[in-house]
Amino acid sequence: MSAVRKLQQRPVLLEVSGVSKSYGGQVGCLDVSFSIRPGEVLGIVGESGSGKSTLLACLSGRLQPDTGSIIYDMKDRGPVDMLLLSEPERRRLARTDWGIVHQNPRDGLRMDVSAGGNVGERPMAIGARHYGNIRAEAQDWLQKVEIDLTRTDDKPRTFSGGMQQRLQIARNLVTKPRLVFMDEPTGGLDVSVQARLLDLLRGLVRELGIAAIIVTHDLAVVRLLADRLMVMQRGRVIEEGLTDQVLDDPHHPYTQLLVSSILQV
Amino acid sequence: MTIIRLHARGLSKTFTLHTQGGTTLPVFEDIDLQVRSGECVCLHGPSGAGKSTLLRSLYANYKPQSGSVMVQHDGEIVDITAAEPWKVVEIRRFTIGYVSQFLRVIPRVPVLDVVAEPAITNGRSVEEAHAAARTLLTRLRIPERLWSLAPATFSGGEQQRVNIARSFIVAYPILLLDEPTASLDAENRKTVIELICEAKVRGAAVVGIFHDAEVRDAVADRLFEIRSTHREPTEIPCKPVPDLPTIEAVA
Ligand SMILES: Nc1ncnc2c1ncn2[C@@H]1O[C@H](COP(=O)(O)OP(=O)(O)OP(=O)(O)O)[C@@H](O)[C@H]1O
Ligand SMILES: [Mg+2]
């Protein structure tokens, strides 16, 4: 059949084994292992302080884990242990192959650069030079995330929270990353804005076939976006599986509590 | 000769409710169910007997304690209870369709796209998928003026018909139906009966829960009784199963 067929023929993109990180005596994340293939969306849920963001920071190269390995299948080199890459190599990889969508758009945007500039910066960083093409591509993406083109030259400072978050997504996806990390991508937005953003993300992830790791405390968000789910408590992964399985038939007491405490997902 | 598309063997399910003092709730035990190509099996039993639980277990939505659910998928036989998540995603994409009792609404997405989506992820072109969606929505009497709206505000029966259209747009070899006609009027019930019969003719193996006797009589080849646990489930023949050719032979 078509390209959508046969997930299994795609090799593992990221293989995480036994990753742990503690802050002094404080547990960040403990012995986390999983793998993800192209086109898969993995959700990570758990209460605040359960280690979700620590894990995400370790995976995306912003924190050095104490132990474990993170093997990433690089486009031109094949599987490489991220922890053995040099800092500049890792930064280059993050720029070309990955996207990182921060909970707070201000951490992921350049607030003093225009919306168009925010989106055009990444293609430029990886070698695009033709101004007209860059601007056209930036506008194409602004349209995709439903930002009015008349705002192309405005600074994100003048945007609403939802618009800033959509701009951050455009900035991250414009270079077609193979792996995207998202930390509470819909946090702090009101419900109707969240729904639009979710719908948008869902469409883009499917259309581009990218792998994504999404950290959130919102079970409705993972229900809609993630194929697979990991539940974390006190730094450990305590339950994992297909998203609907984990949410509809949770086995671990903590997951049952988590699912039963919310009204409806 | 017919091929067995789905075979549940030794399937047992018990819920443990940790938030309610660790109460255990045995639902069924050691179930054995084989469903052949072109056959429709109706799960039968009183409310709370575990019909929906069994159906969800066949879809890998619930995790049984023991047993296996072997399905014919893409030329091989796979145990869906033991398959890795990406494999289950693939099996649900191409092999097993499931009509739940309620439509899980995707915010903001118009009905036409909601219905077309499974066909598109299945590799059909957007035009083809939309054409098929229009045909199904018309057959199920969803007025055209609703097609561009999101189904969140639809009536129960309208949402159920959207749900049915979404699950019949792909010619799944296995179909699981949980009370697909529960909130439908007589005319629409008839359409759903037609859809199920067409699916059987093209060789689908169907497992369903049908409370409505008229629907059950029209589509079911046999009943599969689920009684409370610790008793043997029994099979009651309802109609003789015609000796259908295999899918391969038809093609
Ligand atoms: N996710 C769940 N967690 C805990 N218990 C559950 C869950 N799903 C079902 N049960 C329990 O399993 C038993 C069987 O329920 P099920 O929904 O399968 O019955 P049913 O035969 O479909 O009934 P009905 O005809 O009323 O739809 C019930 O006691 C129910 O409370
Ligand atoms: Mg039921």
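**Where chain A meets chain B**

Reply: In this predicted model, eleven residue pairs are in polar contact between chain A and chain B, with both residues at pLDDT 80 or more. On chain A, the elements that give two or more residues to the side touching chain B are α7 (191-208), α8 (219-225), β10 (236-242), α9 (243-248) and α10 (253-261). α7(A) gives the most, with five residues. By class, this side of chain A has 16 charged, nine nonpolar and seven polar residues.

Salt bridges also cross the interface. The rule finds five of them. One joins the side chains of D249(A) and K13(B), at 2.6 Å from N to O.

Now the extent. Chain A puts 32 residues in contact with 32 residues of chain B. The area buried between the two chains is about 2,900 Å². Carbon and sulfur atoms give 51% of that area.

Next, the helix. α2 of chain A spans residues 87-96. Its buried residues are R90(A), L93(A) and T96(A). They cover an arc of only 135° around the axis, so they sit on the same side of α2(A).

The face of α2(A) turned away from the buried side carries exposed P88(A) and R91(A).

Methods: Residues are numbered from 1 along each chain as its sequence is written. Chains are lettered from A and ligands numbered from 1 in the order in which they are written. This is a predicted model: local features need pLDDT of at least 70, side-chain atom pairs count only at pLDDT 80 or more; totals for chains, interfaces and linings use all residues. Side-chain values use heavy atoms; hydrogens and water are left out. Buried means under 20% relative accessible area, exposed over 50%, partly exposed in between (1.4 Å probe, protein chains only). Helices (H or I, at least four residues) and strands (E, at least two) are DSSP runs, numbered from the N terminus. The arc is that of the directions from the helix axis to the C-beta atoms. Contact means heavy atoms within 4.5 Å. Buried area is the accessible area (1.4 Å probe) that two parts lose on being put together, summed over both. A salt bridge is a side-chain nitrogen of Lys or Arg within 4 Å of a carboxyl oxygen of Asp or Glu. A polar contact is a pair of N or O atoms within 3.5 Å; within protein, one must be able to donate a hydrogen and the other to accept it, and residues adjacent in sequence count only if both atoms are side-chain atoms. Ala, Val, Leu, Ile, Met, Phe, Trp, Tyr, Cys and Pro count as nonpolar, Asp, Glu, Lys and Arg as charged, and the others, Gly among them, as polar.
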